[in-house]
Structures are given as structure tokens and as C-alpha cells.
Amino acid sequence: MLNIISTVQALQAMDAAAPAVLVTVLHTRGSVPREAGTRMLITAEQCYDTIGGGHLEWRAMAEARLWLHERSADTAQRERHLDLTLGASLGQCCGGALQLRLERVDFWTPAERAQRLQDMYAEQQAQTPLYLFGAGHVGQALVQVLQAVPGRIVWIDEREHLFPAQLSPQVQCEATDIPEALIAAAPAGAEFLVMTHHHGLDLRLCEHILRRDDFAWFGLIGSATKRARFHSRLRQAGIAESQLARMHCPVGIPGIPGKEPGVIAVAIAAQLLQARAMRPTLAPSLNLPESEHASR
């Protein structure tokens, strides 16, 4: 059974002695479903995350569960490797090839387990944060969508009771009546999205964001009329035209009709992912042993 809980969440919640296999895409060549660094966790009954689905994932699951069911599994053998070509033999026409690393997490020492979890958490923290202002209907729907993709979310609203009790660890909730302070403290390269319950607050947040010149992306929910009014007031406040041009309002990819919160959320998420895809990124660090780095 595939579970939407992430690998990191599952490892944190799982007993250290519980049998499980961590599968990592180590190397890739050509067209493959997922990039190097992608992980999934497999137990006898559950799977967390995905390395791309299809027969590729089925093979990984089969190999992992065979290992889990070996009665005399050697605890000294911490990992195994699986080389696969995505051709006719796997029923996938990608045409590429990849190498998977399988690790028995129940064979890790307590120190190893703590270090691996720390490394995974550090990878999450290194991701570009999205500062989402507003926990109304669209904000709620958007967080549900974005929890399924990589990325950190700092979710801000003064109405603490609106934040759901169960959220992914990638979502950090901030209940504050001085949201401008979070804009000031945001790192360079942050993304901002404003959709609060009050246009006056929206305008104030827009001004604070646009006075920064180091953000990666900025969206504001609203109509073309709202955009025109905000442009006029922000010009009066001294915001340059070049900065105003960076504000996406109405936000969301065009051509998607409908004003339901879920529809708007999908359109916004698509635009945000398009913007991220256009920015240069570094390949993920896998924290591999030195010998594996050298063999690439």
C-alpha cells in the first residue's frame, strides 16, 4: 500500500528496530522517471514516497521485501545495489538506466540513524521557502496541494485556530499579528504569496515584499482591478515600475476557469512550479561515501 506520509516522517515515527528498506536513486542515465537523490521507504506492508511508479518501483519493492523476509539476513550487509534499464524488460519505454541503493534501516546504529535523519532534515531546510500569508479557503487548499511536492512552506496568519492539526513537517505555521517581521527575516531567494482576509493587510505586505530586491517569486491573489488599484497606491509609496512588474496578480496560470478554492489552488501551484523550473538549481546532495562520489 502506498502511503502519502513522506520518507522522513515515516522514519521519524518508526521504531528503530522495525524492518524497513530505504531505496535511493543513486545514479541516472538518459530519460528516467525520477532524479538522483529520490527516496522511498518500504516495509512489509507499506510504501512511503515514490521513485517513479511502474514496473521500476515494483522491482524495487519486490527486491526490498525479499530482503526483509530473509530469515538469516546478514546485519553486516548494510546495503545492496540494483542496476536497471528502463526498456522492454521493465515494460517502461523511458529508455534510460539507473542504479538504486537499498539500505536496511533497522541495521543502522543509533548514531547512524540520527545522522541520516539529520541529513534529510537539512536537505528539506535548504529548499527555497514559500512564505504564504493567509489561511483562508484558498490557503488551506493550496497547502494541501503543495504538501505533495518538495519545498518548505512558512504559513502565516494571525488566526491560529485556522491552521489544521495535521500537517507535513515541511509546513511551519506562524500565528502573528506582525507578519511584516517575517518578510524582513526571510532569506534571499524566498518566494512570497499574499492572500489574506483583508485588502489593507495585503497592500501593506505587498509594499514590504516589493521593497526587497532579492525575492525569487511573488504572487498576490486578486482581480485585474485589484492589481490596478494596488499598482497605483504602491507607485505613490515609491515602488519602482520594475518591481511592480514582478508581482503576479491575478496569480495562477491563465486559462483555468473556476473560482472554487481547489481550482485556484491548482492554478497557483502550477504557476509556482513553472517559476521554480525556470530557475537554476543545484543537484541534490546524496551524502555519499567518498568512493561513490569519485566513481561518478
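Predicted model: local features only at pLDDT ≥ 70, side-chain atom pairs only at ≥ 80, totals over all residues.
Q: Which residues of α7 are buried?
A: A residue counts as buried under 20% relative accessible area. In α7 these are Lys226, Phe230, His231 and Leu234. Seen down the axis, they fall within an arc of 135 degrees, so they line one face of the helix.

Q: Which residues are exposed on the other side of α7?
A: Exposed means over 50%. On that other side, Ala224, Arg229 and Gln236 are exposed.

Q: How do I check the length of α7, and what follows the helix?
A: Compare its reach with 1.5 Å a residue. Helix α7 covers residues 224–236, which makes 13 residues. From first C-alpha to last it reaches 19 Å, close to the expected 18 Å. Then comes Gly238, with a positive phi near 95 degrees.

Q: What span should helix α3 have?
A: Use the same rule: 1.5 Å times one less than the number of residues. Helix α3 has 16 residues, 110–125, so it should span 22 Å. Its end C-alpha atoms are 22 Å apart, which agrees.

Q: Which residues of α3 are buried, and where do they sit around the axis?
A: The buried ones are Arg113, Arg116, Leu117, Asp119, Met120 and Gln124. Their arc around the axis is only 155 degrees, which puts them on the same side of α3.

Q: What covers them?
A: The cover includes one helix, α1 (7–13). Strands take part too, among them β2 (21–29), β3 (39–42), β6 (97–104) and β8 (152–156).

Q: How do I read the second largest pocket?
A: Take volume, then lining. The volume is about 340 Å³. Of the 15 lining residues, Pro250, Val251, Gly258, Lys259 and Ile264 are closest to the centre. By type, the lining divides into nine nonpolar residues, five polar and one charged.

Q: How many helices and strands does the whole chain have?
A: The protein chain has 10 helices and 12 strands. Of its 296 residues, 45% count as buried.

Q: What share of contacts joins residues at least 24 apart?
A: Look at contacts between residues at least 6 apart in sequence. Among these, 61% join residues at least 24 apart.

Key: Residues numbered from 1 in each chain as written. Heavy atoms only, no water. Helix = DSSP H or I, 4+ residues; strand = E, 2+ residues; numbered from the N terminus. Buried < 20%, exposed > 50% of the residue type's maximum accessible area, 1.4 Å probe, protein only. Arc of directions from axis to C-beta. Contact = heavy atoms within 4.5 Å. 1 Å grid on protein atoms, 1.4 Å probe; cavity = no way out; pocket = protein on both sides within 12 Å on 5 of 7 lines; lining within 4 Å. Points joined across faces, edges and corners; volume = space filled by probe spheres on them. Nonpolar A, V, L, I, M, F, W, Y, C, P; charged D, E, K, R; others polar.
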